[in-house]
Amino acid sequence: MDLDRQMFIRQHSDFYWLTPPIEYIDGHYPEEESWQLLAKPLTGEEFVKRVFPTTRFYELNIKLVDMYETIEDGSDGDAKIRLLPPDNVALVTKLLRNDRQMASSYTFIGRKSRMATIFVKTYDPGDYVL
């Protein structure tokens with residue numbers, strides 16, 4: 001999907017070939033719970049609250065340290081996402097709200113040893129995409 005031009009672009013990806021269930025669940029929620037193939041299946045509510053990494057995230061061998069949920073309404077708007085990227089992967093952020101890019105001051109990336117932490121600060125309620 002090309003978000004800038006809002007159009008689907010067909011591309012081949014090996015991501016879906018023998019993908020571990022814990023990664024596959026990030027983009028696909030089966031109707032039957034047993035087909036999640038997870039030790040602890042997710043409810044529909046848990047599924048929609050999760051952060052959704054793209055297939056490129058996994059192709060670059062980036063690992064989420066913790067499973068994060070989206071920021072709920074009424075929260076202070078702060079989020080912290082911890083990742084373990086390979087040493088040869090540079091991280092950049094782009095925060096969108098209503099399909100418009102926010103200023104870079106809304107996000108900060110800190111890296112200590114192998115751990116990378118993305119800090120996000122939002123001031124107004126709404127739907128954001130990182």
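How many residues lie between β5 and β6 in the hairpin that these strands form? The structure examined here is a predicted model, in which local features need pLDDT of at least 70 and side-chain atom pairs count only at pLDDT 80 or more, whereas totals for chains, interfaces and linings use all residues. Residues are numbered from 1 along each chain as its sequence is written, and side-chain values use heavy atoms, with hydrogens and water left out. In the hairpin of β5 and β6, 2 residues separate the strands. S113, in the turn, has a positive phi of about 60°.

The chain contains 3 helices and 7 strands; helices (H or I, at least four residues) and strands (E, at least two) are DSSP runs, numbered from the N terminus. From the N terminus on, the order of these elements is α-α-α-β-β-β-β-β-β-β. Of the 130 residues in the chain, 25% are buried. Here, buried means under 20% relative accessible area, exposed means over 50%, and partly exposed lies in between (1.4 Å probe, protein chains only). The accessible surface of the chain amounts to about 10000 Å², and carbon and sulfur atoms hold 53% of that surface; such areas come from the Shrake-Rupley method with a 1.4 Å probe, and for residues only the protein chains shown count as cover. Among contacts in the chain with a separation of 6 or more, 46% are between residues 24 or more positions apart, a contact being heavy atoms within 4.5 Å.

The strands were then examined by their pairing. Strands of a sheet pair through backbone hydrogen bonds, either parallel or antiparallel. Two strands are taken to pair if DSSP finds at least two bridges between them. Strands β2 and β6 are antiparallel and joined by 6 bridges, and R82 stands opposite T117 in β6. Strands β5 and β6 likewise pair in the antiparallel sense, over 6 bridges. Here F108 has F119 in β6 as its bridge partner, while T107 stands opposite V120 in β6.

An open sheet of 3 strands has the order β4-β3-β7, and its pairing is antiparallel. Strands β4 (100–101) and β7 (128–129) stand at the edges with a single partner strand each, so one side of each is left without a neighbour in the sheet. Strand β3 (residues 96–97) is joined to β4 by 2 bridges in an antiparallel arrangement, and R97 has R100 in β4 as its bridge partner. The loop between β3 and β4 contains N98. This residue has a positive phi of about 55° although it is not a glycine, and N98 is exposed, with a relative accessible area of 58%. Most residues other than glycine have a negative phi, and most peptide bonds are trans. A positive phi, near 60°, also occurs at L18, which lies in the segment before α1 (21–24). L18 is exposed, at 72% relative accessibility.

In soluble globular proteins, nonpolar side chains tend to be buried together. The contacts of L83, leaving aside neighbours within four places in sequence, include F57, I62, L64 and I118.

T107 lies in strand β5 (residues 107–112) and is buried, with a relative accessible area of 14%. Not counting residues up to four places away in sequence, T107 touches T93, L95, F119, V120 and L130. The side chains of T107 and T93 make a polar contact at 2.6 Å; a polar contact is a pair of N or O atoms within 3.5 Å, where within protein one must be able to donate a hydrogen and the other to accept it, and residues adjacent in sequence count only if both atoms are side-chain atoms.

The count of salt bridges is 2, each being a side-chain nitrogen of Lys or Arg within 4 Å of a carboxyl oxygen of Asp or Glu. One joins K40 and E46 (3.8 Å, N to O); K40 is exposed at 61% relative accessibility, whereas E46 is partly exposed at 26%. E59 forms a salt bridge with R56, with the closest N and O atoms 3.7 Å apart. E59 and R56 both lie in helix α3, 3 residues apart, about one turn of the helix.
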